[in-house]
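Keep the structure in view as you read.

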Amino acid sequence: MKKLSLLLIFPAMLIAQDKTVAPKQQGKYDTNKFSQMYDLLATPNMFRTASGAPGPAYYQQQADYKIDIELDDKKSRIDGSEVITYSNNSPDVLEYLWIQLDQNQAKANGQTSLAESEKINPVLPLDGFSSKYLKKDLERGFNIVEVKDVKGNPMSYTINETMMRINLATPLKPGEKISLAIKWWYNVNNYRKEGGGRSGYESFDKDGNKLYVIAQFYPRMAVYNDVEGWQNMQFWGSGEFALPFGNFDVNITVPADHIIDATGELTNRAEVFTAEQVKRYELAQKSFDKPVVIVTQAEAEAAEKGFSEKKKTWRFSAKNVRDFGIASSRKFIYDAMAVKIGNRVVMAESVYPKEANPLWGETSTMVVAHTLKSYSAHTFDYPYPKAVSVSAEDQGMEYPMICWNYGRPDENGVTSKEVKNGMIGVVIHEVGHTFFPMIVNSDERQWSWMDEGLNSFLQYMAEQERDPSFPSRRGPAKNIVPYMSGDQKFLEPIMSNSETIHQFGNNAYGKPATGLNILREVVMGRELFDYAFKTYANRWKFKHPTPEDFFRTMEDASAVDLDWFFRGWFYSTDFVDIGIKEVKQYYVSETPTADIKDIKVRKGRFGFDKGPFVYLVAGDNAEVSASSKKALKVQDVKLLSDYVSQTFTAEEKASLKSPKYFYEVEFSKPGGMIMPILVEITYEDGSKENYQYPAQIWRKNNDTAKKVYATEKAIKSIQIDPKLMTADIDVTNNSWPKVEEKSKFD
């Protein structure tokens with residue numbers, strides 16, 4: 001039987017006759033972007049395995065707190081005392097303990113302000129000028145009154161800016177515990193007028209009231225772990241917190257007309273709420289479709305006029321949390337509803353002043369409930385008893401079970417679409433932070449992206465699940481393009497310390513969130529990504545993961561090599577730019593042109609095929625006449641027709657394709673970031689066909705790649721990344737024929 005060979009002009013399949021010997025060149029190191037990340041990742045060990053899971057020797061410390069604080073509303077001052085019980089679960093002997101004093105970051109004589117570059121603002125509002133240049137600074141920072149052991153003996157300590165070292169008289173051995181008592185006070189700042197910050201109070205000049213959001217209000221244990229020993233990096237303002245888990249019992253004394261919500265479960269509800277308000281809360285525990293108002297607007301408006309001289313103590317208990325937050329004001333309206341999460345009922349709650357209505361009463365708690373359901377579906381069932389959203393203007397901050405969020409109507413009660421969407425987005429984001437980092441407890445001081453980026457990604461999914469038309473800021477690939485195409489002088493890799501980043505929002509939030517979305521939608525697919533991401537979340541809930549643990553788990557649980565992606569997206573500032581360099585059309589011929597007639601075709605490992613051959617000749621070859629440039633069916637080429645009739649049965653012939661058009665498309669990659677190639681082909685009849693080529697198409701050539709299309713219909717146009725899913729920074733080279741971009745003037 002005669003065998004026919006088809007001669008295509010593909011360099012990888014052909015051997016040229018040229019015997020020229022290339023000159024000797026210098027050797028080179030491995031710079032392949034698909035190299036595995038052994039040079040970047042920490043070596044696996046008994047604490048953290050190569051799979052990304054906690055190892056058999058993994059440990060973490062525990063810090064339990066019994067705290068009593070009193071809020072002086074007139075002086076805006078907090079006085080507190082605490083007993084910390086610290087358990088050394090590590091294999092190490094500890095000679096000292098480190099405690100965080102985050103309020104000291106705002107001390108007038110502290111290093112933070114000295115480390116910031118300054119410039120003159122040529123235009124300032126009157127209150128801004130007064131605050132900056134005329135007013136005496138508020139005395140900020142912790143005032144440590146005493147540090148004692150449980151027997152009342154003074155303990156030696158040293159304060160270094162935002163860290164306090166407790167000098168132990170006797171080293172703390174593995175398996176031992178130690179308790180220490182600390183007393184302190186500090187002035188609470190008006191965060192909108194006096195230095196900003198993540199906590200403080202908001203003043204309401206019309207009625208003379210204050211709304212307090214209180215955090216970092218107590219000396220907090222630092223983390224000791226297998227990665228860094230003590231994480232005692234100073235708090236400069238951007239890199240947030242690293243904290244051990246523990247149990248909290250917190251008593252909060254405030255004016256009797258204040259309403260409080262806080263981390264943990266309220267244990268004396270009947271003592272601080274009216275009997276009617278307790279009944280409303282019990283009703284809310286059974287309301288799964290809408291919130292029940294527990295403290296009404298009328299009750300809040302009456303309270304905000306009273307300024308009680310009496311006091312009440314609210315008692316909260318929280319188990320297995322890393323931190324504690326408090327909101328307190330006589331202006332608070334309070335509503336709540338029940339949410340079914342797995343086999344448990346969780347309370348979604350909101351507290352807000354009348355100035356936040358009607359937006360907050362209609363929206364906040366419903367969004368909290370949606371967030372808990374969405375995040376639980378993608379990670380693990382929300383484990384805490386409640387989640388609280390607090391209305392605090394110019395805020396967006398998170399603590400276990402509670403967060404403060406901006407967004408209110410204007411003075412006429414009108415809410416713009418932008419304000420409402422912003423409020424919804426920040427509520428989802430801050431409630432979501434209870435999952436990352438409050439439960440999956442990464443080191444924010446070092447790696448902001450591990451909580452902000454992962455949380456922003458989950459926020460995007462929660463927003464789209466709630467409303468597919470929601471204008472999500474972070475997640476869609478096209479939204480990160482302006483940042484990634486910016487001046488490299490102001491870009492840092494995601495894997496940069498939190499305090500060294502120029503564009504914090506894009507670097508810690510937007511780019512990692514976009515990267516995860518690209519992994520899910522383009523690189524891995526939803527099924528593989530979702531399983532791997534959920535595996536990471538469950539492996540590391542209530543533990544302290546590192547970036548390596550995340551990277552390794554995503555590969556371990558999916559069998560997808562992602563080193564090229566993590567190396568490029570997280571460890572560099574490479575950008576995505578893939579284009580169409582050239583499109584050639586080929587025609588079937590029984591006669592070779594001069595440029596291909598001497599090419600030999602391999603047959604087996606050692607031989608060469610003797611033909612006969614069918615040739616595919618390029619349409620731009622000068623030897624090809626205009627009359628030869630026509631699309632031929634198989635039966636129109638005698639050699640092919642004979643071969644088919646002699647080789648295949650009638651049944652097999654019926655299943656053969658019948659291509660008439662042959663194209664070779666060369667893709668270029670001006671950008672340094674590896675990415676799959678997404679191709680949409682439009683045919684002359686208007687029909688479309690989509691192809692996706694994996695990132696590995698670049699593994700042997702980082703600059704160009706080629707694909708061949710044998711089609712039954714003529715191609716009208718080719719488009720790369722038509723849905724803008726890869727963050728390609730330059731789409732002007734994405735089309736063939738090239739599409740002329742309209743100018744801004746046009």
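Arg220 has a relative accessibility of 0%, so it counts as buried. What does Arg220 form with Asp323? The two make a salt bridge, and their closest N and O atoms are 2.5 Å apart in this predicted model. Asp323 sits in the loop between strand S19 (311-321) and strand S20 (326-329), while Arg220 belongs to strand S12 (residues 220-221), so their pairing ties together parts that are 103 residues apart in sequence. Asp323, at 1% relative accessibility, is buried as well, because buried means under 20%.

Another pair to look for is Arg408 and Glu202, a salt bridge whose closest N and O atoms are 2.7 Å apart. Arg408 lies in the loop between strand S25 (402-405) and helix H7 (417-432), and Glu202 is in strand S10 (residues 200-204), so this pair ties together parts 206 residues apart in sequence. Are these two residues buried or exposed? Both Arg408 and Glu202 are buried.

Now try a pair with some accessible area. Glu146 forms a salt bridge with Lys148, with 3.6 Å between the closest N and O atoms. Glu146 is partly exposed at 23% relative accessibility, and Lys148 is partly exposed at 26%. Across the whole structure, a search finds 38 salt bridges. Some share partners: Asp207, Glu304, Lys331, Lys354 and Glu355 are joined into one network in this way.

Next, let's turn to a sheet. Seven strands form an open sheet in the order S6-S9-S4-S3-S15-S19-S17, and their pairing is mixed. Strand S6 (143-149) and strand S17 (265-266) are at the edges with a single partner strand each, so one side of each has no neighbour in the sheet. Further in, strand S4 (residues 77-87) pairs with strand S9 (residues 177-187) in the antiparallel sense, over eleven bridges. If you find Glu82, you will see Ile182 of S9 standing opposite.

For a helix, look at H2 (residues 126-134), where Lys132 has its place. The C-alpha atoms of Lys132 and Lys193 are separated by 9.6 Å, although these residues are 61 apart along the chain.

Finally, step back to the whole protein. Its secondary structure comes to 15 helices and 35 strands, and its C-alpha atoms fill a box of roughly 105 × 60 × 60 Å along the principal axes. Of the 746 residues, 53% are buried. Among contacts between residues at least 6 apart in sequence, 75% join residues at least 24 apart.

How values were computed
Residues are numbered from 1 along each chain as its sequence is written. This is a predicted model: local features need pLDDT of at least 70, side-chain atom pairs count only at pLDDT 80 or more; totals for chains, interfaces and linings use all residues. Side-chain values use heavy atoms; hydrogens and water are left out. Two strands pair if DSSP finds at least two bridges between them. Helices (H or I, at least four residues) and strands (E, at least two) are DSSP runs, numbered from the N terminus. Buried means under 20% relative accessible area, exposed over 50%, partly exposed in between (1.4 Å probe, protein chains only). Contact means heavy atoms within 4.5 Å. A salt bridge is a side-chain nitrogen of Lys or Arg within 4 Å of a carboxyl oxygen of Asp or Glu.
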